[in-house]
Amino acid sequence: MSANIFGSAEDISATAQTSETGTIRAGRTRVFGVYLDSNTVSGDFHLRDGGAAGTLKFKVKTPAAVGGISINFPGPILFENDVYCNFTTEHVIEATVFHSK
């Protein structure tokens, strides 16, 4: 019997990103949550489906405070093409995205 993590029996991976833009995972996948290491300036964190100009699937404003923010989605968000992440390093130092394999 497999463990039920984030309300799912799927295998889950974590991918960390420190660059401001990039593909977290290519291909169809589900995202279960994110962990953001925030900086001293507030700003936006985005997850898009289909690259830099793709459909915006998740957006959050980070606080103007140093520290970590853990966001667990109530249900996984489906990305049909890929999971593309963008933020500015003045707002987020590192982002970890929890997704299906």
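A strand here is a DSSP run of E with at least two residues, and strands are numbered from the N terminus. By that rule, His99 belongs to strand β8. The model is predicted.

## The four-stranded sheet

Strands of a sheet pair through backbone hydrogen bonds, either parallel or antiparallel. In this model, four strands make an open sheet. Their order is β1-β8-β3-β6, and the pairing is antiparallel. Two strands form the edges: β1, residues 12–17, and β6, residues 67–79. Each edge strand pairs on one side only. On average, neighbouring strands of the sheet are turned by 20° against each other, with direction ignored.

Look next at β3. This strand covers residues 29–38. Seven bridges connect β3 to β8, which spans residues 92–100. The two strands run antiparallel. On its other pairing, β3 is joined to β6 by nine bridges, and these strands are antiparallel too.

Which residues stand opposite Tyr35? In β8, Tyr35 faces Thr96. In β6, Tyr35 faces Ser70. Another bridge links Gly33 with Phe98 of β8.

How many of the ten residues of β3 are buried? Seven are, so β3 is largely enclosed by the rest of the structure.

Start with His99. Is His99 buried or exposed? Buried means under 20% relative accessible area. His99 has a value of 4%, so His99 is buried. Its side chain makes a polar contact with the side chain of Thr15, at 2.7 Å. His99 also has a list of contacts beyond four places in sequence, including Asp11, Ile12, Ser13, Ala14 and Thr15. The list also includes Thr29, Arg30, Val31 and Phe32.

Beyond four places in sequence, Thr96 is in contact with Ala14, Thr15, Ala16, Gly33, Val34 and Tyr35. Recall that Tyr35 is the residue opposite Thr96.

## The β4–β5 hairpin

Strands β4 and β5 form a hairpin. Five residues lie between the two strands. Gly50 sits in the turn and has a positive phi of about 105°. The strands pair in the antiparallel sense over seven bridges. In this pairing, His46 stands opposite Lys59 of β5.

Gly51 is in the loop between β4 and β5. Is Gly51 buried or exposed? The relative accessibility of Gly51 is 14%, so Gly51 counts as buried. Leaving out residues up to four places away in sequence, Gly51 touches Asp82 and Tyr84. Compare Gly51 with Pro63, twelve residues apart along the chain. Their C-alpha atoms are separated by 25 Å.

## Aromatic rings

A pair of aromatic rings is described by the distance of the centres and the angle of the planes. The model has three aromatic pairs. Two of them are set out here.

| Pair | Centre to centre | Angle between planes | Type |
|---|---|---|---|
| Phe45 and Phe58 | 6.4 Å | 65° | edge-to-face |
| Phe58 and Phe73 | 4.8 Å | 55° | tilted |

Where do Phe45 and Phe58 lie? Phe45 is in strand β4, residues 43–49, and Phe58 is in strand β5, residues 55–62. The pair therefore ties together parts that are 13 residues apart in sequence. Phe45 has a relative accessible area of 0%, so Phe45 is buried. Phe58 is at 14% relative accessibility, so Phe58 counts as buried.

Now take Phe58 with Phe73. Why is this pair tilted? Planes over 60 degrees apart count as edge-to-face, and those under 30 as stacked; the rest are tilted. The planes of Phe58 and Phe73 are at 55°, so the pair is tilted. Phe58 lies in β5 and Phe73 in β6, so this pair ties together parts that are 15 residues apart in sequence. Both Phe58 and Phe73 are buried.

Which residues form the aromatic cluster? Phe45, Phe58, Phe73 and Phe87 form one cluster.

One more ring involves a charge. The charged end of Lys57 sits over the ring of Phe79, 5.9 Å from the ring centre.

Technical notes. Residues numbered from 1 in each chain as written. Predicted model: local features only at pLDDT ≥ 70, side-chain atom pairs only at ≥ 80, totals over all residues. Heavy atoms only, no water. Pairing = 2+ DSSP bridges. Axes fitted to C-alpha atoms, helices over the stretch in contact; angles between N-to-C directions. Buried < 20%, exposed > 50% of the residue type's maximum accessible area, 1.4 Å probe, protein only. Polar contact = N/O pair within 3.5 Å; in protein donor to acceptor, adjacent residues only side chain to side chain. Contact = heavy atoms within 4.5 Å. Phe/Tyr/Trp six-rings, centres within 6.5 Å; stacked < 30°, edge-to-face > 60°. Lys NZ or Arg CZ within 6 Å of the ring centre and 35° of its normal.
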